[in-house]
Amino acid sequence: MTERSKANPILGYSDTETVKLDFDNMSFKSVKYWASRIGRWFKLRGFIVLKSSNNRYHVVFDREVSWSLNVKIMGWACLQSKHKGLTGYFILQCIKQGSTLRISPKKDKLCPRPVYYYGKQDGQIRSFLEYRHMLREFVRKLKTSPKPQPHNKEGR
Amino acid sequence: MVKKIAVYGSYEAKVPVRQRFWKRRRDGILQRYWKRTSRKKTAEMKGRYEFHGKGKDLYKAVVKAHHLMPKGFVDISAEKFLENPEKYGLEGEWIDREVES
């Protein structure tokens, strides 16, 4: 099997109501600081930090917000932290009009896994974790099931 | 309130080659036109599906998405996608290439 045929698409969770941030090349301590600062400033109830790979973290907040407030929060975070990676992420989410975080493994990276919980977890974090569980099940099933036949137009 | 599953990445697909030709219009201007030939070329592209719907449909859609590459940005319910997947995707292969979420 060639390297190319092993490649799979990336699976992620996407919505407009959950505030999600992607901190690349930042220490865990700084991520915790920025997450708690943003959470306090916008009263986002609680947050969860997921480790994506070495020095790369994802943050998901618990409160449900509108898309306009979501953009405001992400923009504020970019402005305050002056983080280049986060600004790139923010611009891309604005173009797509919805924010996405990766859930499946990617190339040499594992699935992002929770490393820190803070505050309430029964809102958006709960639904994020449910979807995460479902998607990981999909990935597991796809790995274990025999390789499906290439797509056939007649559906046979 | 819609939670979606994003399936995204870079892929290689066979796309029809376009050929240009020139035709003189009635007003004398030479106009350029494009036509689709039957020849195919391999092109590297990026694409993205965003599926929403029930769990079983989502799983089936994700399995289909492994073989059918998205034509650009496809935001659709999993049920509708499964009814006519060729409409939203083309055959190809996913490749390992850095892509933003």
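Predicted model: local features only at pLDDT ≥ 70, side-chain atom pairs only at ≥ 80, totals over all residues.
1. Strand 2 runs antiparallel to strand 4 (residues 56-61) of chain A, and 4 bridges join the two. Within this pairing, Phe23(A) has Tyr57(A) of strand 4 as its bridge partner.

2. These two strands belong to an open sheet in chain A, made of 4 strands in the order 2-4-3-6 with antiparallel pairing. Strand 2 (20-23) and strand 6 (113-119) each have a single partner strand and stand at the edges, so each has one side without a neighbour in the sheet. From one strand to the next, the twist averages 20°.

3. For orientation, chain A has 5 helices and 6 strands. Read from the N terminus, its elements follow the pattern α-β-β-α-β-β-α-α-β-β-α. Of its 156 residues, 36% count as buried. Among the contacts in chain A with a separation of 6 or more, 76% come from residues 24 or more positions apart.

4. Strand 1 of chain A is joined to strand 5 of chain A by 4 bridges, and the two run antiparallel. Asp15(A) stands opposite Ser99(A) of strand 5 in this pairing. In strand 5 (residues 99-102), Ser99(A) and Leu101(A) point one way, while Thr100(A) and Arg102(A) point the other way. All four of these residues, the charged Arg102(A) included, are buried. In general, side chains in a regular strand alternate between the two faces of the sheet.

5. Strand 1 of chain A also pairs across the chain boundary. Strand 1 (residues 10-15) of chain A and strand 1 of chain B are antiparallel and share 5 bridges. Here Leu11(A) stands opposite Val7(B).

6. What does each chain give to the contact between chain A and chain B? Chain B gives 28 residues and chain A gives 28 residues. On the side of chain B that touches chain A, strand 1 (4-24), helix 1 (55-65) and strand 5 (89-95) of chain B are the elements that give two or more residues. By class, the residues on that side of chain B are 14 nonpolar, 5 polar and 9 charged.

7. Ser101(B) lies in the segment after strand 5 of chain B. Is Ser101(B) buried or exposed? Ser101(B) is buried, because 23 other C-beta atoms lie within 10 Å, and 20 or more is the cut-off for a buried residue. Leaving aside neighbours within four places in sequence, Ser101(B) is in contact with Gly12(A), Asp22(A), Thr100(A), Leu101(A) and Arg102(A). Within chain B, the C-alpha atoms of Ser101(B) and Tyr59(B) are separated by 20 Å, and these residues are 42 apart along the chain.

8. The helices of chain A include a packed pair. Helix 3 (residues 67-81) and helix 4 (residues 84-96) of chain A pack at an angle of about 160°, and their axes are 9 Å apart. Helix 3 is therefore roughly antiparallel to helix 4. Their crossing is left-handed. Helix 3 contributes Val71(A), Met74(A), Gly75(A), Ala77(A), Cys78(A) and Ser81(A) to the contact, and helix 4 contributes Leu86(A), Thr87(A), Phe90(A), Gln93(A) and Cys94(A). This contact has 7 nonpolar, 4 polar and no charged residues.

Notes:
Residues numbered from 1 in each chain as written. Chains lettered and ligands numbered in written order. Pairing = 2+ DSSP bridges. Axes fitted to C-alpha atoms, helices over the stretch in contact; angles between N-to-C directions. Contact = placed C-beta atoms within 7 Å. Buried ≥ 20, exposed ≤ 12 C-beta atoms within 10 Å, placed from the backbone. Parallel < 35°, antiparallel > 145°, perpendicular 65-115°, else oblique. Left-handed = near helix turned anticlockwise from the far one by under 90°.
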